Amino acid sequence: MKLAERVGRIKPSPTLAITAKANALKAEGKDIISFSAGEPDFNTPSNINNAAIRAIENGFTKYTPASGTDELKDAIIDKFKRDNKLTYNRSQVVVSCGAKHSLYNLAQVLFEKGDEVIIPAPYWVSYPAFVLLADATPVILETKEAEEFKVGPAQLENAITKNTKAIILNSPVNPTGFVYSFSELEALADVIVKSGILTISDDIYEKIIYDDVPFFNIINTRDEIKDLTLVVNGVSKTYAMTGWRIGYAAGPEKIISAVSKIQSQNTSNPSSISQKAAVEALTGNQDYIGMMVDEYLTRRNYLVENLNNIGISCMTPQGSFYVFPNVSSLYGSSYMGGKILNSVDLAGYLLDEANVAVVPGVAFGNDDHIRLSYATSIENIKEGVKRIEKAIVNLEK
Ligand SMILES: *Cc1c(COP(=O)(O)O)cnc(C)c1O
């Protein structure tokens, strides 16, 4: 039996694959320290859990409108007003089964054969896959570590052709953790408005930012870009709700209603129970976000300082819960049984020799780096760094 050609265009999510391998080794009884998690290690706050339990008890367990309930859309609209100074109405908002689902559906309604979609690298692993599955072509823009892995206006302008349909922007960036400033976004917005391409802005780590660095969406920099921008966000990262599968997109009504139409034919509505939980997340007490961020900050500081102390060059990112150290100085070293030539070799070596799981940077489009998530306890982080140190001491140049 022959599968459709499109299946062959993409690979399974490498981050989920590493996490699965680490979990399988754990299940075999191996004591694995995992820096591979792409999700908060905190529990969903209890007020949110209770809202879901109430939804079940009250029989709120049936289909909802495919694009989400008005109650949740209103909570999202209030959130945009309160946090981002952005105004939308209900017909400009769609609720999906996670931000990933919003992004996938946006690609389906916007992109087709012949379209080019600009993706700055390092990128979140799923962006190129969304573009490829929509028959379009990802155009990867390499960025420089010395420039905090940010794409600049000249680079963007040079990459735009008559076939360019959109750019996918993500800030804070997964995997680098860097945050675009107002002026950096403003410079990009000038190019984008001039060329008339669309921006898909993935704001999922909006609330996980340190050192009082402010968050901006590109729309904040220029009013004219609003009609060209789709904002994607969700509750997964901010409220430790990855398993609930609620994300959303906001933007021009024509595009949002096309997403709703697609959803109505492929998934129907996001879980009714999860939508009730998301309403509580967005409208209830927000205090624990700061508590989680404080904890992430302690971990970030420990990890950055101690990776540098053991000779792994790691810049200090301002957001998300990842660091993206440069490990290329280890390439070319050997150990009993092998040689380390790239990020996949190094990740394999660390998993086999040190029982530490990290994600190779090549998965994000940069082979000189690896990604470590600090969405794990400080005890695990301390032990993990110790093990990495021991493993790299054993390498021979
Ligand atoms: C986790 C993540 C998402 C997806 O989040 P869900 O709402 O759980 O689908 C989207 N973008 C980036 C950059 C992420 O890291």
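Trainee: How many residues of domain 1 are in contact with domain 2, and how many of domain 2 with domain 1?

Mentor: Keep in mind that this is a predicted model. Contact here takes heavy atoms within 4.5 Å. On that count, the tally is 36 residues of domain 1 and 33 residues of domain 2.

Trainee: Okay, and where do those two domains sit in the chain, and how far apart are their C-alpha centres?

Mentor: Domain 1 comes in two pieces, 5-43 and 288-393, while domain 2 covers 62-283. As for the C-alpha centres, their separation is 26 Å.

Trainee: What area do they bury between them, and what part of it is on carbon and sulfur atoms?

Mentor: Domain 1 and domain 2 together bury about 3100 Å². Of that area, the part on carbon and sulfur atoms is 62%.

Trainee: Which residue meets Arg300 in a salt bridge?

Mentor: Between the domains, the count is two salt bridges. For Arg300, the N to O distance is 2.9 Å, inside the 4 Å cut-off. The partner side chain belongs to Asp211.

Trainee: Which element gives the largest share of the side of domain 1 that touches domain 2?

Mentor: Polar contacts first: 15 residue pairs make them across the two domains, both at pLDDT 80 or more. On the domain 1 side, the elements giving two or more residues are α1 (14-27), α10 (287-309) and β9 (322-323). The largest share is seven residues, and it comes from α10.

Trainee: By class, how many residues on that side are nonpolar?

Mentor: The side of domain 1 that touches domain 2 has five charged and twelve polar residues. The nonpolar ones number 19.

Terms used: Residues are numbered from 1 along each chain as its sequence is written. This is a predicted model: local features need pLDDT of at least 70, side-chain atom pairs count only at pLDDT 80 or more; totals for chains, interfaces and linings use all residues. Side-chain values use heavy atoms; hydrogens and water are left out. Domain bounds come from an automatic or database domain assignment. Buried area is the accessible area (1.4 Å probe) that two parts lose on being put together, summed over both. A polar contact is a pair of N or O atoms within 3.5 Å; within protein, one must be able to donate a hydrogen and the other to accept it, and residues adjacent in sequence count only if both atoms are side-chain atoms. Helices (H or I, at least four residues) and strands (E, at least two) are DSSP runs, numbered from the N terminus. Ala, Val, Leu, Ile, Met, Phe, Trp, Tyr, Cys and Pro count as nonpolar, Asp, Glu, Lys and Arg as charged, and the others, Gly among them, as polar.
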